[in-house]
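Hello,

Here is the structure I promised to pass on.

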Amino acid sequence: MIEKHIVLNYDLGLKGDYPGLYTFLDNLKALEIGNCNAAFAMEFSEDSFETIFKELRDKISDAVKIEKTDRLYMIATDSNCRMRGGFLFGDRKRAIWEGYGIEKTEGFDQF
């Protein structure tokens with residue numbers, strides 16, 4: 001078994017199973033690190049990101065009722081000490097900051 005440190009971002013919407021998630025996080029002695037973010041250490045069978053991802057997904061599935069609109073994203077280091085992340089549940093949405101940056105248009109307009 002190997003201990004890995006995980007950062008978890010969660011968005012369960014208005015009707016999500018927060019009691020299940022909070023119980024899971026409390027049992028791990030997770031730290032609150034901002035709105036909808038937690039950090040914790042957990043033991044895994046292997047030091048590969050794919051194994052960590054699958055085992056964490058399975059453990060959360062056992063503890064939390066996941067709905068199709070729920071989103072949980074994890075960040076951990078892989079066996080080469082590089083940070084990696086992935087959605088355990090759900091997918092990426094359009095970023096709320098999209099469109100705030102200044103886009104330069106090169107060339108001439110074509111009509």
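D78 sits in the loop between β4 and β5, where helices (H or I, at least four residues) and strands (E, at least two) are DSSP runs numbered from the N terminus. Is D78 buried or exposed? D78 counts as buried because its relative accessibility is 4%; buried means under 20% relative accessible area, exposed over 50%, and partly exposed in between, with a 1.4 Å probe and protein chains only. Neighbours within four places in sequence aside, D78 is in contact with K4, D47, F49 and R84, contact being heavy atoms within 4.5 Å.

Before the rest, the ground rules. This is a predicted model, in which local features need pLDDT of at least 70 and side-chain atom pairs count only at pLDDT 80 or more, while totals for chains, interfaces and linings use all residues. Residues are numbered from 1 along each chain as its sequence is written, and side-chain values use heavy atoms, with hydrogens and water left out.

**The strands**

The loop that holds D78 belongs to a hairpin: β4 and β5 have 5 residues between them, and C81 in the turn takes a positive phi of about 65°. Strand β4 (residues 71-77) is antiparallel to strand β5 (residues 83-89), with 6 bridges joining them; two strands pair if DSSP finds at least two bridges between them. Within that pairing, I75 has G85 in β5 as its bridge partner.

In β3, F40 stands opposite I6.

That leaves β2 (residues 31-32), which runs antiparallel to β3 and is joined to it by 2 bridges. L31 has A39 in β3 as its bridge partner. β2 and β3 form a hairpin with 4 residues between them, and G34 in the turn has a positive phi of about 120°.

**Helix α1**

Which residues of α1 (residues 18-27) are buried? They are Y18, G20, L21, F24 and L25. Viewed down the axis of α1, these buried residues fall within an arc of 165°, so they line one face of the helix; the arc is that of the directions from the helix axis to the C-beta atoms. As a reminder, an α-helix has 3.6 residues a turn, so residues three or four places apart point the same way.

The buried residues of α1 pack against β1, β3, β4 and α2 (49-63). On the face turned away from the buried side, α1 carries the exposed residues P19, D26 and N27. At the N-terminal end, D17 caps α1, with a side-chain oxygen 2.9 Å from the backbone nitrogen of G20. Just after α1, K29 takes a positive phi of about 60°.

**Salt bridges**

How many salt bridges are there? The count comes to 7, taking a salt bridge as a side-chain nitrogen of Lys or Arg within 4 Å of a carboxyl oxygen of Asp or Glu.

- R71 and D11 meet through their side chains at 4.0 Å, N to O. This pair links distant parts of the chain, with R71 in strand β4 and D11 in strand β1, 60 residues apart. D11 is partly exposed, at a relative accessible area of 31%.
- E50 and R84 have their closest N and O atoms 3.3 Å apart. They too link distant parts of the chain: E50 is in helix α2 and R84 in strand β5, 34 residues apart. E50 is partly exposed at 49% relative accessible area, and R84 counts as partly exposed at 32%. R84 is also one of the residues in contact with D78.
- E67 and K65 have their closest N and O atoms 2.9 Å apart. E67 counts as partly exposed at 37% relative accessibility, whereas K65 is exposed at 57%.

**Cysteines**

A search of the whole structure finds 0 disulfides, a disulfide being a pair of cysteine sulfur atoms within 2.5 Å. C36 counts as partly exposed, with a relative accessibility of 32%. C81, which lies in the turn between β4 and β5, counts as exposed at 67%.

Best wishes

Terms used
A polar contact is a pair of N or O atoms within 3.5 Å; within protein, one must be able to donate a hydrogen and the other to accept it, and residues adjacent in sequence count only if both atoms are side-chain atoms.
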